[in-house]
Amino acid sequence: MLVLDGKIASAAVKASLLQQTQALKAAGKRTPHLAAILVGNNGASETYVASKVKNCEETGFGSSLIRFGDDVTESELLAKIGELNADSNVDGILVQLPLPKHIDDEKIIEAIHPDKDVDGFHPMNIGRMVQGFDTFIPATPYGVLLMLEHFKIETKGKHAVVVGRSKIVGRPMSILLSSGHPQGDAHVTLCHRFTPKEELIKLTQQADILVVAVGIPEFITGDMIKPGAVIIDVGITRVEDATAKKGFRIKGDVNYEQAITKASAVTPVPGGVGLMTIAGLLMNTMKAYEGKFYHN
Ligand code: NAD
């Protein structure tokens, strides 16, 4: 059984990016810069953004963290995005989701200039992705593709089952896995909350590659897994646990202990797809930087 270790796969991506930033610095050029906007003080969001900023530093990227309180207005946020869009020293912009209820996520995502949309959520970039054009791929599905590439997992002729149809993970993942991209030659079934459980079990039991993004801890149990399958667990849920130092434990959507007895390869949680999401984000930020003409 192969552990699809996100530390190993993301380190390889970061090492290659670091080489590029070192070469830029040696040539006296500026390096890619990511601007991250964080609204409020949701614990998980704080952790994700801190980790993104730290990874920028480790890779030789510049970064800025822009914080707003929960009471920020939509127009204040839009004004900041406008400012960052116009700043030629900022290559990538990300707004950490979720946002407070009084702010329209879609409006915010659409306000980010498509050339700086390193999370790959802008409708223009999603459209380009669906058409198979060169674009920013949403960071988490991109991270999964990078993971499959790193561990040389073949998708050609394989049946991939994706559970979950969110705009940021499941839906783009299902498209990419069948898109003809080097890691996208599978035939794909997409399941979601209205897939009857008996049907879902039959489908997951046929999956050569099973990608799960539902947000329900240990939703996939060993009996739902085809022997020899590759399991990609995207889920990250904080589950309260008084015995844990932080008062919670991170759980994936797959029962890991059961999965490793059936599967040929499994991503751990934590230490799997989460790290690859950051690798995808950094790759997109480098791409945004390279797409510019004014940085020389
Ligand atoms: P979401 O929370 O927006 O939606 C959940 C999806 O699961 C929906 O599409 C729904 O149809 C499906 N679903 C719910 N119940 C189901 C059921 N009983 N059977 C089948 N499908 C069901 O999804 P999301 O934003 O993709 O997040 C999913 C999980 O992935 C969460 O735990 C989230 O924290 C995690 N996540 C991790 C990363 C990462 O970097 N590892 C990135 C994004 C999200």
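Into which domains is the protein chain divided? Select residues 27-117 for domain 1, then residues 139-274 for domain 2; these bounds come from an automatic or database domain assignment. The C-alpha centres of the two domains lie 27 Å apart.

Before going on, a word on what you are viewing. This is a predicted model, in which local features need pLDDT of at least 70 and side-chain atom pairs count only at pLDDT 80 or more, while totals for chains, interfaces and linings use all residues. Residues are numbered from 1 along each chain as its sequence is written, and side-chain values use heavy atoms, with hydrogens and water left out.

**Stop 1: the whole chain**

Show the protein chain as a cartoon and you can look for 10 helices and 11 strands. Helices (H or I, at least four residues) and strands (E, at least two) are DSSP runs, numbered from the N terminus. The C-alpha atoms fill a box of roughly 55 × 40 × 35 Å along the principal axes. Of the 296 residues, 49% count as buried, meaning under 20% relative accessible area with a 1.4 Å probe, protein chains only; exposed is over 50%, and partly exposed is in between.

Now think about contacts, which are heavy atoms within 4.5 Å. Among contacts with a separation of 6 or more, 70% join residues 24 or more positions apart.

**Stop 2: H159**

Next, select H159, which lies in strand β5 (residues 159-163). Is H159 buried or exposed? H159 is buried, because its relative accessible area is 10%. Show its partners too: leaving aside neighbours within four places in sequence, H159 is in contact with H187, T189, Q206, A207, D208 and I209.

**Stop 3: N125**

Move to helix α5 (residues 123-131), where you will find N125. With a relative accessibility of 5%, N125 counts as buried. Apart from neighbours within four places in sequence, N125 is in contact with P114, D117, T135 and F136.

**Stop 4: F248**

Finally, pick F248 in strand β10 (residues 248-251). Which residues are in contact with F248, leaving aside its neighbours within four places in sequence? They are R238, V239, E240 and D241. To finish, draw a distance from the C-alpha atom of F248 to that of L4: these residues are 244 apart along the chain, and the two atoms are separated by 24 Å.
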